[in-house]
Amino acid sequence: MTVTVERGGRVTGKQDGAVHPRRARDSYALFLLPGAVAFLAVVIVPFLMNTGVSLTDWQGVGSPEWSGLANYRELLDDAEFWESFRHSLFMVVAMAALPTAVGLVLAAALFDYVGKHFGSRTAAVLRACFYLPQVLPIAVAGIVWSWILAPDDGSLNELLQAVGLGSWRQDWLGDPDLALWSVMGVMVWVQLGFPLVVFMAGLERVDPQLYEAAELDGAGWWRRFRHITLPQIRPEIYVVLTWCTIAALKVFGAVYVLTKGGPGGATNVPSYFSFTTFFEKTQVGYGAAISTVLTVIILALSVIGLRLQTRAEDAEEGARA
């Protein structure tokens, strides 16, 4: 400890070996540097290159020809482009809205009912079962579901036939009126486990005394869910909605494996539309414009989701204070 006496008799002390705050901040920045370099190389640079290509007329070979905003003006009048985004809204329902709502109810039931009456181990096993589709590669899950939904010898049609509902047999992935709904059903199954796990983790930080007090007051499960569970895990809800919405907008693997955008474009989504424009139509500049628009939309939704999450956290801290 180094002690110094200033004029006026004031004694100041300085701890030997203490780190200056500015040096501490600089040391923290060094730890962030590798991630920043990787983000620059993997995200920023490719995005800027893709944006540059979107301003050209290029078929992937030869020299690109500058076209300015022509690709974006063409997108505004492209009915197939807007149709693919309309399908994305359906995918947002299947991958964000429904899994969030169902996952929230299931998480509350597993935590507040199953865990108390059947034990935490039973709740953990059920949670793992719901989460299993998230572990499977989407290609594997898509192939399995294509077998289940096959029109001739698919498991679903065979089951309907076995229980006397043979008239309900359908070409689930080949009928333009059913294909999108079938893909949506598969994606609900795939996505449900993620919100469930996040919500159950969020419920772990809720004070158990709140539920005990509500039970003593005679509140049933539904009232405890509405007045305790929902307000307490509002930040997790925003995280799940943001994450799942982004996943829905950029969904590609399931559409590629199950339907390849068909039949007749009935399940085409922007990511798959960009892929076919790139590699099948070899309209690289136009495909890059589709990807750029999709990226900007995802970034905007991410910023909105983060702001909503921050407000929810601030409101929660204010309520506690």
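What follows is a set of questions and answers on this structure.

Reader: What should I know about numbering and confidence limits?

Author: This is a predicted model, in which local features need pLDDT of at least 70 and side-chain atom pairs count only at pLDDT 80 or more, while totals for chains, interfaces and linings use all residues. Residues are numbered from 1 along each chain as its sequence is written, and side-chain values use heavy atoms, with hydrogens and water left out.

Reader: How many residues of helix H13 are buried?

Author: Helix H13 covers residues 270–279 and is mostly covered. Its buried residues include Tyr272, Phe273 and Thr276.

Reader: Which peptide bond is cis?

Author: Most peptide bonds are trans. In this model, omega is about -5 degrees at a bond whose second residue is proline 263, a residue in the loop between helix H12 and H13. The cis bond joins glycine 262 and proline 263.

Reader: What is the phi of lysine 260?

Author: Most residues other than glycine have a negative phi. Lysine 260 is found in the loop between H12 and H13 and is partly exposed, with a relative accessible area of 47%. Although lysine 260 is not a glycine, its phi is positive, at about 55 degrees.

Reader: Is asparagine 268 buried or exposed?

Author: Asparagine 268 is found in the loop between H12 and H13. Beyond its neighbours within four places in sequence, it is in contact (heavy atoms within 4.5 Å) with Glu80, Ser84, His87, Gly261 and Phe273. A polar contact of 3.5 Å joins its side chain to that of glutamate 80; the term covers a pair of N or O atoms within 3.5 Å, where within protein one must be able to donate a hydrogen and the other to accept it, and residues adjacent in sequence count only if both atoms are side-chain atoms. At a relative accessible area of 6%, asparagine 268 is buried.

Reader: How many residues apart in sequence are the parts tied together by glutamate 80 and lysine 281?

Author: The side chains of glutamate 80 and lysine 281 meet in a salt bridge of 3.8 Å, N to O; a salt bridge is a side-chain nitrogen of Lys or Arg within 4 Å of a carboxyl oxygen of Asp or Glu. Glutamate 80 lies in helix H3 and lysine 281 in the loop between H13 and H14, so the parts tied together are 201 residues apart.

Reader: What is the relative accessibility of glutamate 236?

Author: Glutamate 236 forms a salt bridge with arginine 205, the closest N and O atoms being 2.9 Å apart. Arginine 205 is in the loop between helix H8 and helix H9, and glutamate 236 is in helix H11. Arginine 205 is partly exposed at 35%, whereas glutamate 236 counts as buried at 15%.

Terms used: Buried < 20%, exposed > 50% of the residue type's maximum accessible area, 1.4 Å probe, protein only. Helix = DSSP H or I, 4+ residues; strand = E, 2+ residues; numbered from the N terminus.
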